[in-house]
Amino acid sequence: MRAWILEEQAKIETRPLKLEEVPLPHTGDDQVRIKVLVCGVCRTDIHIAEGDLPLKKSPVVLGHEIVGVVDEVGKNVKRFSIGDRAGVYWLYSSCKKCKYCLSQRENYCPYFKATGWDEDGGYAEYISVSEDYVLPLNHVQLEPDEIAPLMCPGIAGYAAFKLTEAQKGYKLGLYGFGPTAYFVLKVAEFMGIETYVSTRSLKNIEGAKREGANWAADSSKEKMPCKLDAAIIFPPAGNLVEPALSQLEKGGTLVMAPVSASPIVINNYSENLWGHSIKSLYHVKRDDAEEFFNMVGSLNLNITTSQFPFEELQDVLILVKQGKTEQPNAVIKVAD
Ligand SMILES: NC(=O)c1ccc[n+]([C@@H]2O[C@H](COP(=O)([O-])OP(=O)(O)OC[C@H]3O[C@@H](n4cnc5c(N)ncnc54)[C@H](OP(=O)(O)O)[C@@H]3O)[C@@H](O)[C@H]2O)c1
Ligand SMILES: [Zn+2]
Ligand SMILES: [Zn+2]
C-alpha cells in the first residue's frame with residue numbers, strides 16, 4: 001500500500017514526509033483492517049512532524065481523523081463486518097487493566113497509545129486497529145469528509161464540554177472560536193445552554209453569531225453582559241485564565257482545552273479563584289467519542305471542508321501551518 005512516512009522531524013516547509021510503498025498492515029485476531037477513505041489534517045500532525053512533540057516511533061505514519069470502510073476482520077472480532085463504515089481517532093489503544101482503564105478513564109492510562117504518533121495513523125491506504133477502539137459510523141448520515149473533523153475537534157470539544165458539567169439553562173463561555181469551539185457551541189445549542197463567545201477576529205465573532213451564540217465579541221474590549229456558570233479556553237493563551245475566572249459565578253468551572261499554554265498567573269486569588277474550579281482536558285476516551293457520535297445526528301451542523309488529493313498531503317500541511325486553506329477543516333481524500 002502507499003503511505004506517507006515520517007522518519008526524521010524537521011520544519012514542515014522542508015517537506016519531511018515521503019510517499020512510499022509499504023507492506024499492508026497485519027490484522028490481529030481482535031483487530032479490523034480499515035480501508036481509509038479520508039483523513040482530516042490536524043495541527044498536532046505538524047507539531048509531531050516538526051518536533052514540538054517527541055517522535056515516538058520511526059518511521060511513523062501521521063493522521064488521526066480517519067474515516068473508512070472495514071476491509072478485513074480478525075477471527076475474534078464481533079462488532080464489525082466487512083463493508084461497515086468505521087472511524088479511528090486519537091485514542092488508538094490503552095492497557096485495559098490499569099485503574100483508569102477499569103473505570104472508563106482510559107485517557108489517563110499510562111499505556112495510552114495515540115493514533116499517528118505512538119502507532120501508525122491514517123495518511124495511508126489502510127490501518128489496522130483493535131475493534132474495541134474503532135468507532136462504528138454506519139449510523140452517521142454525513143459524507144466521509146464531513147465526518148473527519150468530528151474525529152478530533154468534535155470529540156475533543158465534546159470531552160471539554162463534559163468537563164464543564166454544564167446543564168440546560170446554564171451560561172457557558174467559549175474563549176477562541178476555532179473548529180473545536182464550533183462543535184461545543186452546537187452541542188450547547190442542542191442542550192439548551194446559552195453560549196457567550198470571546199474571540200478576537202471579526203471573522204470569528206461573526207461566525208459565532210451566525211452559528212447561534214447568544215453573545216460574541218472580544219471580551220478584552222467589550223465586557224460580557226453577565227456572569228457565566230462555566231467556560232472553556234481553547235487557545236494556548238495562559239493570560240486568558242484570570243479574566244475568564246473573573247467572569248464565573250461562584251461554583252463555576254473553567255476548562256482548559258489546549259495541550260500547552262503560556263504561563264498562567266493568578267494575581268487575585270480571593271476575587272478570581274476562590275470558589276471556582278479549573279480543569280484541563282487530557283486526551284479523549286471512548287465513552288466521550290461514542291456519546292458525541294450518538295448526538296451528531298441531532299446537531300444542526302454545517303461542516304465545510306477543503307478537500308485535497310492524497311498525493312498533496314505534504315503541500316497541504318504547509319498550507320494548514322500558514323492558515324491558508326479556504327475552509328477551517330482540511331481533509332485528505334485517500335480513496336473513493
Ligand atoms: N487537551 C487535549 O487532549 C486536546 C485534544 C484536541 C485538541 N486540543 C486543543 O484544543 C484547542 C482547540 O483547537 P482549535 O484548533 O479548535 O482552536 P485554535 O485554532 O487553537 O484556537 C481557537 C481560536 O482561539 C483564538 N486565539 C488564538 N490565539 C489566541 C490568543 N493568544 N488569545 C486569544 N485568542 C486566541 C483564535 O481566534 P481569534 O483570532 O478570533 O481570536 C483561534 O481561532 C487547541 O489548543 C488544541 O491543542 C486539546
Ligand atoms: Zn487532532
Ligand atoms: Zn490502562
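**Ligand 1 and the zinc site**

Q: Which atom of ligand 1 is 2.5 Å from the side chain of Thr180?
A: An oxygen atom of ligand 1 lies 2.5 Å from an N or O atom of that Thr180 side chain, a polar contact (a pair of N or O atoms within 3.5 Å). The model is predicted, local features need pLDDT of at least 70, side-chain atom pairs count only at pLDDT 80 or more, totals for chains, interfaces and linings use all residues, and side-chain values use heavy atoms, without hydrogens or water. Residues are numbered from 1 along each chain as written, while chains are lettered from A and ligands numbered from 1 in written order.

Q: What about Arg200 and Ala257?
A: A polar side-chain atom of Arg200 is 2.8 Å from an oxygen atom of ligand 1. A polar backbone atom of Ala257 is 2.9 Å from a nitrogen atom of ligand 1.

Q: How much of ligand 1 does the protein cover?
A: The protein covers 74% of the 910 Å² of accessible area (Shrake-Rupley, 1.4 Å probe) that ligand 1 has on its own.

Q: Changing topic, what holds the zinc ion (ligand 3)?
A: The SG atoms of Cys95, Cys98, Cys101 and Cys109 coordinate the zinc ion at 2.3 to 2.4 Å; donors are N, O and S atoms within 2.8 Å of the metal (3.2 Å for Na, K and Ca).

Q: Why is the arrangement tetrahedral?
A: Because the four donor atoms subtend angles of 106 to 116° around the zinc ion; tetrahedral requires all angles between 85 and 135 degrees.

Q: Are Cys98 and Cys101 buried or exposed?
A: Both Cys98 and Cys101 are buried, meaning under 20% relative accessible area (1.4 Å probe, protein chains only).

Key:
Four donors count as tetrahedral if all angles lie between 85 and 135 degrees; four count as square planar and six as octahedral if opposite donors are over 155 degrees apart and all others between 65 and 115; anything else is irregular. Buried means under 20% relative accessible area, exposed over 50%, partly exposed in between (1.4 Å probe, protein chains only). A polar contact is a pair of N or O atoms within 3.5 Å; within protein, one must be able to donate a hydrogen and the other to accept it, and residues adjacent in sequence count only if both atoms are side-chain atoms.
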